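Look at the model below before reading on.

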Amino acid sequence: MADFELVLKHWGPVEADYSTHGNLVLTRLFIEHPETQKLFPKFVGIPQSDLAGNAAVSAHGATVLKKLGELLKAKGNHESILKPLANSHATKHKIAINNFKLITEVIVKVMEEKAGLDPAGQKALRNVMALVIADLEANYKELGFTG
């Protein structure tokens, strides 16, 4: 519970501008891990130099961070939020678990730079995301998806 609280203390700047922070997260993800851009069919043809100014990237990044905000605020009681997310990401989008680990590190970096997430907060965010990812993986297994 303390990890959730610690991360939520720094969530305000992210929540105040989901689009900007979401764009930063996805742009950095796609630049640091170019293979991940292929997982988003609508972003495949966008040159890396155009990602930062792309409204669709910003909008999807905002969606990602809003969902993360919901998960944070649920403070571990997130099954009702996570189950549909796991279902869509396993059956429709076919997103392997490792990609959630990659985006976690990008979110940690962006929150450090833009929301003042200190080392203790970074550790807390990694702990929270490890729990979320473990629960996501358990849902994947139930669905028979081993991605």
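Start with F30, which counts as buried because its relative accessibility is 0%. Buried means under 20% relative accessible area, exposed means over 50%, and partly exposed lies in between, with a 1.4 Å probe and protein chains only. F43 also has 0% relative accessibility, so F43 counts as buried. F40 counts as buried because its value is 18%.

This is a predicted model: local features need pLDDT of at least 70, side-chain atom pairs count only at pLDDT 80 or more, and totals for chains, interfaces and linings use all residues. Residues are numbered from 1 along each chain as its sequence is written, and side-chain values use heavy atoms, with hydrogens and water left out.

How many aromatic pairs does the structure hold? There are five. Rings of Phe, Tyr and Trp (its six-membered ring) pair if their centres lie within 6.5 Å; planes under 30 degrees apart count as stacked, over 60 as edge-to-face and the rest as tilted. Take F30 and F40: their ring centres are 5.2 Å apart and their planes stand at 65 degrees, so this pair is edge-to-face. F30 sits in helix α3 and F40 in the loop between α3 and α4, so the pair ties together parts that are 10 residues apart in sequence. F30 also pairs with F43. That pair is tilted, at 6.0 Å centre to centre and 55 degrees between the planes. F43 lies in the loop between α3 and α4, so its pair with F30 in helix α3 links parts 13 residues apart in sequence. Together, F30, F40 and F43 form one aromatic cluster.

K38 lies between α3 (18-32) and α4 (48-51). Is K38 buried or exposed? It counts as exposed, because its relative accessibility is 64%.

Now step back to the whole chain. It has eight helices and zero strands. Helices (H or I, at least four residues) and strands (E, at least two) are DSSP runs, numbered from the N terminus. The radius of gyration is 15 Å, close to the 15 Å that the globule rule gives for 147 residues, so the chain is as compact as a globular protein of that length. That radius is taken over C-alpha atoms, and the rule is 2.2 Å times the number of residues to the power 0.38. Of the 147 residues, 44% count as buried. Along its principal axes, the C-alpha trace spans about 40 × 40 × 20 Å.
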